[in-house]
Amino acid sequence: MDIKKVNIEGNTLEIRNLVIEYVSDDEVVKAVNNVNIIIGSGKTLGLVGETGAGKTTTALSILNLVPGPQGKIVSGEVLLEGKNVLTMSEHELEELRGDKVAMIFQDPMTSLNPVLTVGDQIAEGLEIHRKISKKEALKQAKEMLELVGIPADRAGEYPYQFSGGMKQRVVIAIALACSPDLLIADEPTTALDVTIQAQVLLLINKLKKKYHMSMLMITHDLGIVAEVCDEVSVVYAGHIIEHGTLEDIFDNLRHPYTKGLFDALPNIEARRSELKPIKGLMPDPTNLPSGCPFHPRCDYVMDVCTKVLPENKWLSDTHRVQCHLYKDTNNSML
Amino acid sequence: MEDTAKKITTKKEFFKQYKKKSRLQEIWKMFLKNKLAVIGLIIFIIIVLVAITAPLIANYDNEAIKINVPNRLKSPNSEHILGTDELGRDIFARIVHGSRISLIVGLSSVAVALFIGGAFGAIAGFFGGTVDNIIMRCMDVFLCLPDVLLALAILAAFGTNLVNMTIAIGLSFTPKFSRVVRSAVMTVRGIEYVEAARAIGATNVQIITKHILINCIGPIIVQVTLYVASAILTISSLSFIGLGIQAPIPEWGNMLASGRAFMRDHAYIVMAPGLAIFITILSLNLLGDGLRDALDPRLKQ
């Protein structure tokens, strides 16, 4: 399509023209619409957007875990080191999950099995993928616990004996146990309070560098993006409406929706200024507006916006935006 | 200084000790907190011990089987603590020996039901959709028949003996277990840790056995204890209507049946087996409730 970047060797993940729908009896939810994502080796991409924008669905497609039978991957490719995940057999997928790609789930309270010890849960992935004995796996599990800052002798304890932040560390240890090439972090700090958030982010950053992992960070918190990511994709109603490096998005944002997101953040230097919410609500995903999905809420709406879906415009080598306000040159109307 | 250091090490050791405690010990501790459950367990253990040591307590041939007409319908006295029945047999001896059949058939029929019903229920609940529909509609067909009727049909077709009775009761309970296990599996299936297990590459079999069933243990245990009670009741019902354990062999149900003609004048004849059934079932229900609370780690502290 209109992706200018051609396949560069060494990309960990490439998602091309991905379309995912949830089909129920009488309606179709268009969760992901033509999403393109490239994550280079060792790089971190932030996927930012509101609840229901299709962030998690995109992430699940990387493991081919889009919940069936309603969830359907209509078209597109998900290439992990050049191999298409969507055409793999169940057996190939099982070998891939947890070994090459691991996922940190949103809520550590529910993503740990309450009746297994944390040691067992970390060891499980090792047993499956490394084909080692239970004893050896447990030994490595203890090392993983130490790595995330939990004393190894707590491996025999159950999740209820841990606090929220420690549980999330355990979840991280599970994800990293097999040292994956790609780590998907699905809002890893949403369920945690701010001080623990900072610790967990620090930990993720440290381990990412140590193992030279690529990472897909899903979040709705722009602060986290600034902290961890190299590149940012802003998702709205299943479309990536703006993509760029951290500098492109934070210092040089172009899309009215991205602008809206930043305007809605409190500013520590101008305490008296009011927050500007984006007017309206997310569109109903079963009935997306014609043309640009953002046009009913957009302050800069034009006639063309209501009729034609904007194409990707490349503003620089790294920065692309899906908006009619821009021609292919770097103009700044905002 | 030295004192505090010493204190800290002992404290450390104390916590170490605390942490070293195995999961079983913790469950046991929780279980002991529930007084009613402990009473249930004690009663059940006594019943099991009585069943095991029955030949030592009362002579089977002389006291439980042998007809002794001159001695019939004796009220409880020092020689026969529960009296004698219409054929002069000692009721206490018959109750004691009757417990063996109730327990063996009760436990093994529930084992049959749990194994078959549990397997089908887990598969149906885990995969959902068409598989679920096919399995559960078949189970519904069985569920349409009252369990005593289903057991009756099987016994009438294959003859009455202990093995057939176990299978008959087991099969008639199968659909109930499949329903319970299915619903338990379905609630657990949607929880994030199952998705997390899938995300680290666990296979379906590993997910069902390691992550799902172990989290369903609470409702399953409760059902097991309740249905052991229910199975004991079914055995007694079958014997009561004459299709279960046959005449000279002592069984609580057929004791009730043969005693009911004399109920007006000699109430103790039916009271004893009735109480035996009642106490056994009560103890199992108390035990089941206690186990459920103890096995659920979410209820801890």
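A pocket, as I use the word today, is an open set of grid points with protein on both sides within 12 Å along at least five of seven lines. Keep that in mind. One more thing before we start: this is a predicted model.

Let's take the largest pocket. Its volume is about 840 Å³. The lining has 30 residues, and L65(A), V66(A), P67(A), G68(A) and R198(B) are the closest to the centre. Which helices supply at least two residues each to this lining? From chain A, helix 1 (55-62) and helix 2 (90-96). From chain B, helix 6 (91-127), helix 7 (129-144), helix 9 (162-189) and helix 10. Helix 10 of chain B gives the most, with 4 residues. By class, the lining has 13 nonpolar, 9 polar and 8 charged residues.

Now the second largest pocket. It holds about 320 Å³ of space. There are 16 lining residues, and I47(B), I95(B), W252(B), A276(B) and I279(B) lie nearest the centre. Helix 14 gives the most here, with 5 residues. The classes are 14 nonpolar, 2 polar and no charged residues.

L282(B) sits in helix 14, residues 268-295 of chain B. L282(B) counts as partly exposed because its relative accessibility is 39%.

How many cavities of 30 Å³ or more does a search of the whole structure find? The search finds 5. The largest cavity has about 140 Å³ of space. It is lined by 15 residues, with S111(A), I174(A), A196(B), A197(B) and I200(B) nearest its centre. Helix 10 (192-199) of chain B is back again. It gives the most to this lining, with 4 residues. Helix 4 (118-130) and helix 6 (164-176) of chain A each supply at least two.

Last topic: backbone angles. Most residues other than glycine have a negative phi. Here are two with a positive one. E81(A) has a phi of about 50 degrees. It lies in the loop between strand 4 (71-80) and strand 5 (83-84) of chain A. A237(A) has a phi near 50 degrees. Its loop runs between strand 9 (231-236) and strand 10 (239-245) of chain A. Is A237(A) buried or exposed? A237(A) is buried, because its relative accessible area is 7%, under the 20% cut-off. E81(A), at 43%, counts as partly exposed.

Conventions
Residues are numbered from 1 along each chain as its sequence is written. Chains are lettered from A and ligands numbered from 1 in the order in which they are written. This is a predicted model: local features need pLDDT of at least 70, side-chain atom pairs count only at pLDDT 80 or more; totals for chains, interfaces and linings use all residues. Side-chain values use heavy atoms; hydrogens and water are left out. Buried means under 20% relative accessible area, exposed over 50%, partly exposed in between (1.4 Å probe, protein chains only). On a 1 Å grid over the protein atoms alone, a cavity is a set of points where a 1.4 Å probe fits but cannot get out, and a pocket is an open set with protein on both sides within 12 Å along at least five of seven lines; lining residues have an atom within 4 Å of a point. Grid points are joined across faces, edges and corners, and a volume is the space filled by probe spheres set on the points. Ala, Val, Leu, Ile, Met, Phe, Trp, Tyr, Cys and Pro count as nonpolar, Asp, Glu, Lys and Arg as charged, and the others, Gly among them, as polar.
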